[in-house]
Amino acid sequence: MTIRVLIADDQELVRAGFRMILNAQEDMEVVATAGDGAEAVEHARRLRPDVCLLDIRMPKLDGLEVTRILAGPGVADPLRVVIVTTFDLDEYVYGALRAGATGFLLKDSGPTLLIEAIRAAAAGDALVSPSVTVRLLEHLAHPRAGFGRSLADPLTERELDVVRLVARGRTNQEVAAELFVSLSTVKTHLGSIQVKLGARNRVEIAAWAWESGVVS
């Protein structure tokens with residue numbers, strides 16, 4: 001299956017570089033590029049790409065606003081968004097993930113990580129740049145008011161096992177291997193967990209795990 005990608009960045013050289021890298025992959029195709037946020041939203045809504053690759057700072061609409069429009073709370077059929085930026089600022093990381101992004105990378109992460117992040121997003125997984133992961137988890141490790149509340153439908157012990165592994169960045173395949181269960185079983189657990197937590201993706205599952213003290 002070919003992963004259809006939209007690239008949005010206000011620098012033409014960056015768009016061209018990303019397009020060259022992604023189109024060189026046998027399983028990827030860049031279906032559109034955009035130089036500002038408004039154009040990105042228009043292309044995304046019209047083409048419904050598998051993954052939207054967005055910069056943070058763009059004219060008209062910034063990457064966070066575009067993410068909220070395409071993947072944020074209340075979006076009936078959210079798209080998968082990966083943020084790629086030069087700005088390693090905590091508020092951007094947290095803002096992007098809270099807005100619905102499934103990945104966050106720095107532009108100097110290199111092509112290998114970029115490709116991995118797109119494949120992860122297309123598969124429903126998440127990837128955050130290693131350089132920001134530790135800070136992100138430290139931030140989420142401080143429980144906030146409301147996150148320790150009892151769930152109306154508590155997670156089972158097996159679901160908690162899955163949550164702990166997801167919170168530590170394991171892929172579905174790695175979770176299956178560590179728990180000695182099938183991949184389909186992991187996906188079933190994740191579906192149940194998302195319903196119980198009201199989480200839209202595995203990033204929000206991980207955030208809940210750290211913020212509620214399930215992992216530390």
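In the predicted model, helix α1 passes helix α5 in a right-handed crossing. Helix α1 spans residues 12-23 and helix α5 residues 111-122, and the two pack at an angle of about 70°, with their axes 11 Å apart. Because angles of 65 to 115 degrees count as roughly perpendicular, α1 and α5 are therefore described as roughly perpendicular to each other.

A second helix pair was examined in the same terms, that is, by the angle between the axes of two packed helices and the distance between those axes. The axes of helix α7, which comprises residues 157-167, and of helix α8 come within 10 Å and cross at roughly 130°. The arrangement of α7 and α8 is therefore oblique, and the crossing of these two helices is, again, right-handed.

The elements that give two or more residues to the lining are α8, covering residues 172-179, and α9, covering residues 183-197, and the largest share, 4 residues, comes from α9. When the lining of the second largest pocket is divided by class, 7 residues are nonpolar, 7 are polar and 5 are charged.

Notes:
Residues are numbered from 1 along each chain as its sequence is written. This is a predicted model: local features need pLDDT of at least 70, side-chain atom pairs count only at pLDDT 80 or more; totals for chains, interfaces and linings use all residues. Side-chain values use heavy atoms; hydrogens and water are left out. Ala, Val, Leu, Ile, Met, Phe, Trp, Tyr, Cys and Pro count as nonpolar, Asp, Glu, Lys and Arg as charged, and the others, Gly among them, as polar. Axes are lines fitted to C-alpha atoms, for helices over the stretch in contact, and angles run from 0 to 180 degrees between N-to-C directions. Angles under 35 degrees count as roughly parallel, over 145 as roughly antiparallel, 65 to 115 as roughly perpendicular and the rest as oblique. A crossing is left-handed if the near helix is turned anticlockwise from the far one by less than a right angle, and right-handed if clockwise.
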